[in-house]
Amino acid sequence: LVQDISTLGGRLAAVMAQGVLVQDIRFAPEGMYPELSSLQVLHNSRYVELETLSPARQLASGDELVMEATWTLLPAEAGRDESTLTRSLEHLPTPGR
């Protein structure tokens, strides 16, 4: 059974023993997100998947839709506890700003 956690926003972080993997995207608050989320975590007993979604848009022939993502690997110490993680994430640049 795969469980899904979804929300709107621009940053996902996975805290693992080896480090903290962070994915940042440009979140468009005015965008139409078909699943009512721009960030999803899918997981079960075997895996965890971090997924980012762009807003939906009608494309004509020849159009393209580009979604940029920035991945950052922080040291394991950054995920030691919630306050340390929060401080570590606050120092990362936010896409589009």
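**Notebook: pocket, sheet and helix**

I began with the lining of the largest pocket, which by class has 10 nonpolar, two polar and four charged residues. (Nonpolar covers Ala, Val, Leu, Ile, Met, Phe, Trp, Tyr, Cys and Pro; charged covers Asp, Glu, Lys and Arg; the others, Gly among them, are polar.)

A reminder to myself: this is a predicted model, where local features need pLDDT of at least 70 and side-chain atom pairs count only at pLDDT 80 or more, while totals for chains, interfaces and linings use all residues. Residues are numbered from 1 along each chain as its sequence is written, and side-chain values use heavy atoms, with hydrogens and water left out.

I then looked up which residues lie nearest the centre of that pocket, and found R26, S54, V66, M67 and E68 among its 16 lining residues. β3 (19–25) and β6 (69–74) each give at least two residues to the lining. (Strands are DSSP E runs of at least two residues, helices H or I runs of at least four, numbered from the N terminus.)

Next came the sheet. I find three strands in an open sheet, ordered β2-β3-β6, with antiparallel pairing. β2 (11–16) and β6 are the edge strands, each with a single partner, so one side of each has no neighbour in the sheet. Six bridges join β2 to β3 (strands pair if DSSP finds at least two bridges between them). I also noted that R11 has D24 in β3 as its bridge partner.

Last, helix α1 (residues 82–90): T84, L85, S88 and L89 are buried (under 20% relative accessible area, with exposed over 50% and partly exposed in between; 1.4 Å probe, protein chains only). On the other side of α1, E82 and E90 are exposed.

Definitions and conventions. On a 1 Å grid over the protein atoms alone, a cavity is a set of points where a 1.4 Å probe fits but cannot get out, and a pocket is an open set with protein on both sides within 12 Å along at least five of seven lines; lining residues have an atom within 4 Å of a point.
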